[in-house]
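Hi everyone, thanks for coming. Have a look at the structure on the screen, and I'll walk you through a few parts of it.

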Amino acid sequence: MVAKTKKIPIRKCVGCQESIPKIELIRIVNNKEKGVVVDKTGKLNGRGAYICKNLECLETTIKKRKLNHALKSEISEEVYKEIRDYVEDEQ
């Protein structure tokens, strides 16, 4: 009997456009009830986008408004601050 290897989900970062394993990314969700939030569980309902745990990548995303486009919503400065704090805590 051959043991099956578990498939690792790959997602693309909206900032740098690199394909990276999902577990290494931060998921941002546009949820109907809560609005745009950082999804720490990776399981919230809604339209999701992924960002690297990298400050340079985050700054590019903010500057070029890539997250607004990916989530089809206007992103507030408070959400960007929450994402920035989360990235800094992860490093």
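Let's start with Asn-68: leaving aside residues up to four places away in sequence, Asn-68 touches Ser-73, Glu-74, Ile-75 and Tyr-80. Keep in mind that this is a predicted model. Where does Asn-68 sit? You'll find Asn-68 in helix H2, which covers residues 66-71. And is Asn-68 buried or exposed? Its relative accessible area is 8%, and buried means under 20%, so Asn-68 is buried.

Now, on to a pair of helices. Helix H1 runs over residues 55-63 and helix H3 over residues 77-90, and the two pack at an angle of about 165° with their axes 10 Å apart. An angle over 145 degrees counts as roughly antiparallel, so that is how H1 lies relative to H3. Their crossing is right-handed. Which residues make the contact? From H1 we have Leu-55, Leu-58, Glu-59 and Ile-62, and from H3 we have Tyr-80, Ile-83, Arg-84, Val-87 and Glu-88. Sorted by class, that contact has six nonpolar residues, three charged ones and no polar ones.

Finally, let's zoom out to the whole chain. There are five strands and three helices, and along the sequence they follow the pattern β-β-β-β-β-α-α-α. The C-alpha atoms fill a box of roughly 55 × 30 × 25 Å along the principal axes. Of the 91 residues in the chain, 35% are buried, and Asn-68 is one of the buried residues.

Note on methods: Residues are numbered from 1 along each chain as its sequence is written. This is a predicted model: local features need pLDDT of at least 70, side-chain atom pairs count only at pLDDT 80 or more; totals for chains, interfaces and linings use all residues. Side-chain values use heavy atoms; hydrogens and water are left out. Axes are lines fitted to C-alpha atoms, for helices over the stretch in contact, and angles run from 0 to 180 degrees between N-to-C directions. Helices (H or I, at least four residues) and strands (E, at least two) are DSSP runs, numbered from the N terminus. Angles under 35 degrees count as roughly parallel, over 145 as roughly antiparallel, 65 to 115 as roughly perpendicular and the rest as oblique. A crossing is left-handed if the near helix is turned anticlockwise from the far one by less than a right angle, and right-handed if clockwise. Contact means heavy atoms within 4.5 Å. Ala, Val, Leu, Ile, Met, Phe, Trp, Tyr, Cys and Pro count as nonpolar, Asp, Glu, Lys and Arg as charged, and the others, Gly among them, as polar. Buried means under 20% relative accessible area, exposed over 50%, partly exposed in between (1.4 Å probe, protein chains only).
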